[in-house]
Amino acid sequence: MKAVRIHQPGGPEGLVYEEAPEPYAGVGDVLVRVHAASFTPGELDWPVTWVDRGGRDRTPVVPAHEVSGVVTAVGYGTTGLRVGDRVYGLTDRHRDGAAAEYLSAEARDLAVLPDTVTHVAAAALAMPGLTAWQALFSHGQLAAGRSVVVHGAGGGVGSVAVQLARDTGAHVIGTDRSSQREVAIEAGVHEFVDLDRHWFDGRADLVFDTVGGDVLARSAAVVRPGGTLVSISAPPPAVSGGRAVYFIVEPDRAQLTELADRVRTGRLRPMVEATYALPDARQAFLAKHNGVPGKIVLKAVDDD
Ligand SMILES: NC(=O)c1ccc[n+]([C@@H]2O[C@H](COP(=O)([O-])OP(=O)(O)OC[C@H]3O[C@@H](n4cnc5c(N)ncnc54)[C@H](OP(=O)(O)O)[C@@H]3O)[C@@H](O)[C@H]2O)c1
């Protein structure tokens, strides 16, 4: 099969589109014909990208662990999915990813995708959807009537978080650079704070920070007593009178199913910044590396 691979740890410049062995469906796995894939900023910098679960070098590596496609084979003992199912999800970072024609993944990391949701939308949704869901609801206990600040509201994760929070009945304050204002407003913020010009000096029940750095450092002071600061970029500072949480997103079939159903019914819209054909993956990674915000999707099949 054709795949995008990188032969030694380093940046996107090392990505090559080449012939690679077709993976197989092991115990509990499915083989997926990839239709669309996406990736997360910095994934080539993470130590987990380069080793297997035993810590052994596993280069050459296929990146991109956010996938949408069709099941073509089912491994021994695999339950819950069948050949022909349209599926999407977030796959194990210690294994080869989805920047390829085929991907072998654990079935439990994938969910069935409704017919009306495109593979491009699903690939863009998998990681931001799970991350935003777990930040707002699993860690942040967001509910109707509460207030939430989403830092990076025009980004891949932030724009989904804004939509989920708004749908829940929360009051949503989004912050980002001025260039992301329109995306944040389209996602549904009640208030937008342009971080190029101001800092949000109010208080909120929940602060969800997707930016990190100075924005994260200043966020503890924004949390109301009894509230929560949730960070996904780095461990946050302590919150006086509240909680501070850092977490790594986990695959979850039930949450994927709920997220896809919301897209099907129009309650949620994954925002796709750009699409690239699979052979052009290096350019896609370079664009993200150079700071293009939002989700970039690789198309392995030109069907959406
Ligand atoms: N812990 C986890 O499980 C987990 C899961 C998913 C993602 N992440 C991490 O979360 C971060 C966000 O991911 P993403 O996919 O949403 O990225 P993204 O699409 O690039 O969005 C980040 C947003 O924040 C903005 N931003 C960055 N620095 C800023 C600053 N100093 N001031 C104001 N706005 C700023 C970006 O604008 P500009 O591009 O213009 O700077 C962009 O709109 C990444 O670091 C990613 O690795 C962690």
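**Around the ligand**

Biologist: How many residues surround the ligand, and which are the closest?
Modeller: The ligand is surrounded by 24 residues (one heavy atom within 4 Å is enough to count), and the closest are Gly156, Asp176, Arg177, Val249 and Gly294. This is a predicted model, where local features need pLDDT of at least 70 and side-chain atom pairs pLDDT 80 or more, while totals for chains, interfaces and linings use all residues. Numbering runs from 1 along each chain as its sequence is written, and side-chain values use heavy atoms, without hydrogens and water.

Biologist: Nice. What does the side chain of Asp176 do there?
Modeller: An N or O atom in the side chain of Asp176 is 2.8 Å from an oxygen atom of the ligand. That is a polar contact, a pair of N or O atoms within 3.5 Å.

Biologist: And which part of Gly156 is 2.8 Å from a ligand oxygen, backbone or side chain?
Modeller: A polar backbone atom of Gly156. Gly294 also has a polar backbone atom 2.8 Å from an oxygen atom of the ligand.

Biologist: Which helices supply residues of the shell?
Modeller: Helix H1 (119-139) and helix H2 (156-168) each supply at least two. Helices here are DSSP runs of H or I with at least four residues, strands are E runs of at least two, and both are numbered from the N terminus.

Biologist: Switching topic, where is the cis peptide bond?
Modeller: Between Thr59 and Pro60, with omega about 0 degrees. Pro60 is in the loop between strand E3 (29-38) and strand E4 (66-74).

Key:
A polar contact is a pair of N or O atoms within 3.5 Å; within protein, one must be able to donate a hydrogen and the other to accept it, and residues adjacent in sequence count only if both atoms are side-chain atoms.
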